[in-house]
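This briefing is meant for a reader who is meeting the structure for the first time. It begins with the chain as a whole and then turns to two places within the chain.

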Amino acid sequence: MSLIPRNYFGDIFDDFMPSTKEDNMKCDIYEKDGDYHIEMDVPGFGKDEIKIEAKKDYLTITAEKSSEVNDEDKDKNYIHRERSYGKYQRSFYLHDLDSDKVKAEFNNGVLNITVPKKEETEDKKYIEIK
């Protein structure tokens, strides 16, 4: 009895299995100098098609492209289309998010977000023991 390697069908089916929308927004997250940094690949989108929302402790990045049919497309007989349209979204929980100071830059399909942490306060409250 022969065993089929686990990844034997992987290469064959990768071409037919659609990737998840989260796979299309790969990112690296790291902490440096007291800030969080998110570097996210958002290829094929323009700066005006990307929104960043900071709400409470969550940072949500949304990229949306509509499937507009141009006049140029009417004369085309597509044989194969891989570029997809739609809404892609990722959310990150950042407990000490300071939403007023979030900065973002977009260059060559890469979104760079800097998220300063809230300054920790030393507000201590002592509880009286009765």
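A residue counts as buried when its relative accessible area is under 20%. In this predicted model, 21% of the 130 residues of the chain count as buried.

**The chain as a whole**
- The chain has 1 helix and 7 strands, and along the sequence these follow the pattern α-β-β-β-β-β-β-β.
- Among the contacts in the chain with a separation of 6 or more, 55% are between residues 24 or more positions apart.
- The accessible surface of the chain comes to about 11,500 Å², and carbon and sulfur atoms account for 47% of that surface.

**Threonine 60**
- Threonine 60 is placed in strand E4, which covers residues 58–65.
- Threonine 60 counts as buried because its relative accessibility is 12%, and the cut-off for buried is under 20%.
- Leaving aside residues up to four places away in sequence, threonine 60 touches Lys51, Ile52, Glu53, Gln89, Arg90 and Ser91.
- With the side chain of serine 91, the side chain of threonine 60 makes a polar contact of 2.9 Å.

**Strands E6 and E7**
- E6 is joined by 5 bridges to strand E7 (residues 110–116), and the two strands run antiparallel.
- Within this pairing, phenylalanine 106 stands opposite leucine 111 in E7.
- The hairpin of E6 and E7 has 2 residues between the strands, and in this hairpin asparagine 108 takes a positive phi near 55°.

How values were computed. Residues numbered from 1 in each chain as written. Predicted model: local features only at pLDDT ≥ 70, side-chain atom pairs only at ≥ 80, totals over all residues. Heavy atoms only, no water. Helix = DSSP H or I, 4+ residues; strand = E, 2+ residues; numbered from the N terminus. Buried < 20%, exposed > 50% of the residue type's maximum accessible area, 1.4 Å probe, protein only. Polar contact = N/O pair within 3.5 Å; in protein donor to acceptor, adjacent residues only side chain to side chain. Contact = heavy atoms within 4.5 Å. Areas by Shrake-Rupley, 256 points an atom, 1.4 Å probe, with all protein chains shown as cover. Pairing = 2+ DSSP bridges.
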